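Hi,

Here is the structure I promised to pass on. Have a look at it first, and my notes follow below.

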Amino acid sequence: FLTSCTTMAPPTAGEYHVTAHKPQDPSKVRVDVSLSKQNVYVMEGNRCLMAVATSVGVPKKPTPKGHFTIYSKIENKRSGSYGYRVQGDRVVPAEAGSNVPGRYVGYPMGYWCEFAPAYGFHQGFVHPYPRTHGCLRLKGEAAPKFFALVRIGTPVSIAETQPEDATLGPTVRRVDDSKAPDPNPRLMVTSAAFQKPEGPLLVE
């Protein structure tokens, strides 16, 4: 079971795929986050359901450590602080409440799973170094699969290290979006900003 999160074949360039296993008992699912390894392990007892890389908070805005539970899930969540102003055909980056004219549309934070006030797991770019304001970003299809694995009440443990670092850590595919181009603002203000994978999210 512990090796079930291993990538079976090397992906082709540009392709990102993760496997998420259906839990036998959803009430037994837990999430362990290793800040030092920047990994998220979704576990059911000793069984690995999914293990993926994540982006964690920068030192000035760190990801909180401790024991939490998932208490809010929103599939198409948008930021209330950072986003865009839509001015006719123009879309420009802007913070909420700024004096930039136009309609405010929050930055997409798809598959939001909140574990502390204003902190959650969500879809976004993943870097090989701390990059966020404290949230935990999951790349591409990892986010909707994580969303499908957890439920309200799922326990979350966030610590500098986790027991799974030694066994599962080496199998996690590293992600580096640091050189990815900025997303098209016109796309980011539409529903297409929320990436949805094809096919079933969870496998047996």
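One definition to start: the radius of gyration here is taken over C-alpha atoms, and the globule rule is 2.2 Å times the number of residues to the power 0.38. With 204 residues, that rule puts a compact globule near 17 Å, and the chain agrees because its own value is 17 Å. Its C-alpha atoms fill a box of roughly 55 × 35 × 30 Å along the principal axes.

Before you read on, note that this is a predicted model: local features need pLDDT of at least 70, side-chain atom pairs count only at pLDDT 80 or more, and totals for chains, interfaces and linings use all residues. Residues are numbered from 1 along each chain as its sequence is written, and side-chain values use heavy atoms, with hydrogens and water left out.

The chain has 3 helices and 12 strands (DSSP runs, H or I of at least four residues for helices and E of at least two for strands, numbered from the N terminus). Of the 204 residues, 45% are buried (buried is under 20% relative accessible area, exposed over 50%, partly exposed in between, with a 1.4 Å probe and protein chains only). Helix α1, residues 142-149, is mostly covered, with 7 of its 8 residues buried; among them are K145, F146 and F147.

Now the aromatics. A search of the whole structure gives 5 aromatic pairs (rings of Phe, Tyr and Trp, the last by its six-membered ring, with centres within 6.5 Å; planes under 30 degrees apart are stacked, over 60 edge-to-face, the rest tilted). One of these is stacked: Y84 and Y107, at 6.0 Å centre to centre and 25° between the planes. Y84 sits in strand β6 (78-87) and Y107 in strand β8 (103-108), so this pair links distant parts of the chain, 23 residues apart. Y84 counts as buried because its relative accessibility is 6%, whereas Y107, at 29%, counts as partly exposed. Elsewhere, ring pairs join F68, F115, F121 and F146 into a cluster.

Last, the backbone. Most residues other than glycine have a negative phi. Which way does phi go at Q38, a residue other than glycine? Phi is positive there, near 55°. Q38 lies in the loop between β1 (29-34) and β2 (39-44) and is buried, at 6% relative accessible area. A118 also has a positive phi, about 75°. A118 lies in the loop between β9 (112-116) and β10 (119-123), and at 59% relative accessibility A118 counts as exposed.

Cheers
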